[in-house]
Amino acid sequence: MTKDIYILGIETSCDETAAAIVRNGTETVANVVASQIASHQRFGGVVPEIASRHHVEQITLVLEEVFHEAQLDWDEIDAIAVTKGPGLVGALLVGVNAAKALAFARQKPLIGVHHIAGHIYANRLEKEFQFPLLALIVSGGHTELVLMTEHGKYELIGETRDDAAGEAYDKVARMLKLPYPGGPEIDRLAARGEEIISFPRAWLEDGSYDFSFSGLKSAVINKMHNVQQRGETLKPEDIAASFQASVVEVLTEKTYRAAREHQVQQVIVAGGVAANRGLRKKLDERFAGTDIPLLIPPLELCTDNAAMIAAAGTISYGQGKRAGLDLNANASLLLN
Ligand code: KG4
Ligand code: ZN
């Protein structure tokens with residue numbers, strides 16, 4: 001029998017301080033997330049300096065908690081995986097330095113993980129991957145379509161040319177005077193509204209799998225101004241429903257077309273916006289009755305966590321990839 005592999009994951013790229021222990025890349029043993037959302041809410045978004053300070057305060061506590069929850073000793077940990085980018089550089093540095101200090105003190109191998117690889121591998125904690133696989137990553141910082149033909153190999157086939165999907169949600173939410181993070185707020189409003197405004201769909205050039213959300217954002221602003229100038233009113237729930245319909249239709253259609261063109265065996269969805277009920281429903285409908293299985297992880301694995309970093313790190317560990325103690329954070333790290 002082969003020995004179980006236990007990887008400790010650490011994630012501090014944005015506003016969650018997280019640590020997790022994962023067995024064999026597929027089973028979560030313990031998963032601790034300390035969210036800072038409440039501290040950033042009054043500023044209407046994440047304040048990088050505040051994020052870094054919170055990470056410094058939380059990281060040791062979160063690490064203690066994860067070992068307590070897992071009921072494991074350091075002896076049983078095979079390696080430490082940490083998010084090395086992309087993200088807020090000051091925030092990333094807290095996790096990277098904690099991981100380096102622990103790797104040195106405990107004499108454990110160190111592995112640097114790309115945050116998006118982490119989001120993708122959150123899905124493997126639910127179900128084994130089938131290649132070729134298409135991943136739709138939709139978060140506050142990313143909107144990407146990634147094709148994978150094997151573990152640890154990522155081909156970017158589409159990405160946003162301006163705002164990320166979550167960013168568009170947050171900006172439109174701010175116009176509607178909703179609290180941060182705006183995505184879940186718009187999602188709730190949209191469920192009660194009707195799609196009575198026909199906002200543009202950014203399909204871009206024929207065959208492109210890239211995305212663009214800034215035009216849609218401007219269309220929402222213009223519509224709100226026009227209505228205001230005419231002394232009319234629009235229900236926020238109808239604006240939310242119409243905005244969401246545009247985002248969701250483009251994300252779903254491009255994912256579907258890419259899945260067909262590349263004849264994938266599996267489609268997975270990852271990132272905070274994967275929590276969106278409208279998107280989940282539309283994707284479910286689009287892939288129902290096709291021969292392509294669609295996998296959307298539970299909400300707690302969609303948003304930032306360290307189990308996903310440990311899961312992705314397990315693959316690098318198996319492939320013999322190691323980072324040195326000179327590992328550095330890279331705010332704009334590329335996936336491939
Ligand atoms: O993946 P994530 O937790 O952090 C990043 O790596 O960015 O994603 C956060 C983003 C935020 O923009 C938030 O508004 C959005 O995900 N989000 C949602 C929903 N839940 C979170 N957007 C739309 N609908 C939701 N239900
Ligand atoms: Zn993320």
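This is a predicted model: local features need pLDDT of at least 70, side-chain atom pairs count only at pLDDT 80 or more; totals for chains, interfaces and linings use all residues.

Reader: OK, how is the protein chain divided into domains?

Author: There's domain 1, made of 6-121 + 302-318, and domain 2, covering 129-296. Their C-alpha centres lie 27 Å apart.

Reader: And how many residues are in contact across the two?

Author: On the domain 1 side 15 residues are in contact, and they meet 20 residues of domain 2. Between them the domains bury about 1,400 Å², and 73% of that is on carbon and sulfur atoms.

Reader: Which residues of domain 1 lose the most area to domain 2?

Author: That would be I120, Y121 and C302. Together they make up 40% of what the domain 1 side buries.

Reader: Switching to pockets. What volume does the largest pocket have?

Author: About 1,200 Å³. Its lining has 38 residues, and those nearest the centre are S139, G140, G141, D170 and Y180.

Reader: Where does the largest pocket lie relative to the domains?

Author: Domain 1 and domain 2 both give residues to the lining, so the pocket lies between them.

Reader: Which helices each supply at least two residues of that lining?

Author: Helix 4 (115-121), helix 5 (165-175) and helix 6 (182-192) do. Helix 5 gives the largest share, with 6 residues.

Reader: What's the lining of the pocket like by class?

Author: You get 13 nonpolar, 15 polar and 10 charged residues.

Reader: Which way do strand 9 and strand 10 run, parallel or antiparallel?

Author: They run parallel, and 2 bridges join them. Strand 9 spans residues 266-270, and its V267 stands opposite L294 in strand 10.

Reader: What about strand 7 and strand 8?

Author: Strand 7, residues 143-148, pairs with strand 8 in the antiparallel sense over 4 bridges. E144 stands opposite E159 in strand 8. The two strands form a hairpin with 6 residues between them.

Reader: What is the phi of G152 in that turn?

Author: G152 has a positive phi of about 75°.

Reader: And which residue other than glycine has a positive phi?

Author: Q71 is one of them, with phi near 55°. You'll find Q71 in the loop between helix 2 (48-70) and strand 4 (79-85). As background, most residues other than glycine have a negative phi, and most peptide bonds are trans.

Reader: Speaking of that, is the peptide bond from F131 to P132 cis or trans?

Author: The F131 to P132 bond is cis, with omega near -5°. P132 sits in the loop between helix 4 and strand 6 (133-138).

Reader: And the bond from Y180 to P181, cis or trans?

Author: That bond is cis as well, with omega near -10°. P181 lies in the loop between helix 5 and helix 6. Y180 is also one of the residues nearest the centre of the largest pocket.

Note on methods:
Residues are numbered from 1 along each chain as its sequence is written. Chains are lettered from A and ligands numbered from 1 in the order in which they are written. Side-chain values use heavy atoms; hydrogens and water are left out. On a 1 Å grid over the protein atoms alone, a cavity is a set of points where a 1.4 Å probe fits but cannot get out, and a pocket is an open set with protein on both sides within 12 Å along at least five of seven lines; lining residues have an atom within 4 Å of a point. Grid points are joined across faces, edges and corners, and a volume is the space filled by probe spheres set on the points. Ala, Val, Leu, Ile, Met, Phe, Trp, Tyr, Cys and Pro count as nonpolar, Asp, Glu, Lys and Arg as charged, and the others, Gly among them, as polar. Domain bounds come from an automatic or database domain assignment. Two strands pair if DSSP finds at least two bridges between them. Contact means heavy atoms within 4.5 Å. Buried area is the accessible area (1.4 Å probe) that two parts lose on being put together, summed over both.
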